[in-house]
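Visitor: Could you take me through this model? I would like to ask about a few places in turn.

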Amino acid sequence: MNKFIVTGGNRLDGEITVQGAKNSVLPILVATLLVNGESVIHNCPCLSDVDATIRILEYLGCMVTREGHTITVDSSTINRYDVPDNLMREMRSSIVFLGGIMGRMGKAVLSTPGGCEIGLRPIDLHLSSMEQFGANITTENGCLVCSSDGKGLQGTRIILSFPSVGATENIILSAVLAKGTTIISNAAREPEINDLADFLNKCGARIYGAGESTITIEGVSALKPCEHSIIPDRIVVATYMIATMMTGGKICIKDIVPSHIGPIIQPLRDAGCIISVSGRNVMAAAPNHLKRIRMIRTMPHPGFPTDVQAQMMALTTIADGTSVFVENIFESRYKHVGELLRFGSKISVEGRMAVVEGVKSLNGAKVKATDLRGGSAMILAGLCAEGKTEITEIHHIDRGYDEPEKVLSILGADIKRVNKDE
Ligand code: EPZ
């Protein structure tokens, strides 16, 4: 087991590119199940969640090869439609295998993924959508048994009560090979939805309106293999920008999609940061003193992303004044607060609201990563704290960040990955 040792005080400065998006590569790897042949996916980050997804694809009978950041999946050899509990539980987003397997095999047996550190995460929208495609769903021994009884999935109209990312992905995966047309209303609009649709449309699917609230999918009889490159990870871009701002530095992140980070630019400007975009590059320079951010409400895209809440909270702990957060997406996504208090920050939480009173400085501390994004906030606090910080449970961080210690070292950070016993 590893841990990170961070010595604070270095001002980050420099130019980087970022990894491919975790929340894009996962559903796209699942979507390769719908393609009869070899799909070649470039710009895949090296993450434990990607490894877990590959383990499920291989269990289902697919041939998967990886060369650096390129993954090739040949799903022509698929020979199963069940996913065992141990593989499902490795990560929450394994639920999108429901749409991938149903779309390809017309039946699927999966255990329910269960909750995680940030909330109960029910799957009611996934299941009710699947039933609207005409699937029959029963539960046997904690397993979901889904079948279209040999009739195949039927195109349908689905109105989502909440623009769930995962449910929208499952509907798209189920609809591309279904009979007839599917219309999703109140669909998720996250950039990762666009990337999934772009991949499938390159394979011959007919998906229209991805990125908008209404998506229309005309079912086709088959998909042909293609090559695709995963979009840059907007959450990772935000994380490294915030890290640099907290240390009073300057950064240029190259080859990103500027519109994807739109929702975090204004709050950073409110904190006094100077942000400019030129082509596919974003530049950010920190002010002498960070200012408080009046209110941050997490919302579905294009609102402020919940996956940047913890990192932005870390920034406000050293800002002049009081900042307020409202976490609207997940019911228990403040687990990092207890750890941030160890740095000497001042934060109070009441239900979905958190109030942060900025302090002059943070002190190094022994903390743990409570979840993926909460863990990244620990690194950020450690980078600007006085003295050493030790972060354990970093397997959470490895789920979503590809060698963060190497990227941050390029920017001048003093961060090391060491064995837990050292
Ligand atoms: C995706 O999770 C992301 N994960 C999450 O990123 C992200 O936080 C989330 O979208 C919101 O942006 C991946 O893409 C792999 P949702 P997902 O379905 O699809 C409720 C990270 O840090 N809901 O949009 O699971 C649910 O409980 C991760 O990278 C239901 O009630 O999110 C939650 O409160 C964390 N019933 C809300 O909707 C359902 O059937 C949003 O969930 C489905 C969801």
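Visitor: Is Ser111 buried or exposed?

Guide: Ser111 counts as buried, because its relative accessibility is 3%. Buried means under 20% relative accessible area, exposed over 50% and partly exposed in between, with a 1.4 Å probe and protein chains only. Please note that this is a predicted model, in which local features need pLDDT of at least 70 and side-chain atom pairs count only at pLDDT 80 or more, while totals for chains, interfaces and linings use all residues. Residues are numbered from 1 along each chain as its sequence is written, and side-chain values use heavy atoms, with hydrogens and water left out.

Visitor: With which side chain does Ser111 make a polar contact?

Guide: The partner is the side chain of Asp85, at 2.8 Å. A polar contact is a pair of N or O atoms within 3.5 Å; within protein, one must be able to donate a hydrogen and the other to accept it, and residues adjacent in sequence count only if both atoms are side-chain atoms. Leaving aside neighbours within four places in sequence, Ser111 is also in contact (heavy atoms within 4.5 Å) with Val83, Met88, Gly142 and Cys143, among others.

Visitor: In which strand is Ser111 found?

Guide: Ser111 is found in strand S7. Helices (H or I, at least four residues) and strands (E, at least two) are DSSP runs, numbered from the N terminus.

Visitor: What is the strand order in the sheet that holds S7?

Guide: The order is S6-S7-S9-S8, in an open sheet of four strands with mixed pairing. Two strands pair if DSSP finds at least two bridges between them. Strand S6 (82-83) and strand S8 (136-140) are at the edges with a single partner strand each, so one side of each has no neighbour in the sheet. S6 pairs with S7 (residues 107-111) in the parallel sense over two bridges, and Val83 stands opposite Leu110 in S7.

Visitor: Which helix packs on that sheet?

Guide: Helix H4 (residues 97-105) does, touching S6, S7 and strand S9 (143-147). The direction of H4 makes about 155° with that of S7. Such axes are lines fitted to C-alpha atoms, for helices over the stretch in contact, and angles run from 0 to 180 degrees between N-to-C directions.

Visitor: Now the ligand. How many residues surround it?

Guide: There are 22, and the closest are Asp124, Ser164, Val165, Asp307 and Ile329. A residue counts here if one of its heavy atoms lies within 4 Å of the molecule.

Visitor: Which side chains have an N or O atom by a ligand oxygen?

Guide: Arg373 has a side-chain N or O atom 2.8 Å from an oxygen atom of the ligand, and for Arg333 the value is 3.2 Å. From the backbone, an N or O atom of Ile329 lies 2.5 Å from a ligand oxygen atom.

Visitor: How much of the ligand's accessible area does the protein cover?

Guide: The protein covers 87% of the 820 Å² that the ligand has on its own. Accessible areas come from the Shrake-Rupley method with a 1.4 Å probe; for residues, only the protein chains shown count as cover.

Visitor: One last topic: what do S4 and S5 form?

Guide: S4 and S5 form a hairpin with two residues between them, and Gly68 in the turn has a positive phi of about 60°. Strand S4 (residues 63-67) and strand S5 (residues 70-74) run antiparallel and are joined by five bridges. Glu67 has Thr70 in S5 as its bridge partner.
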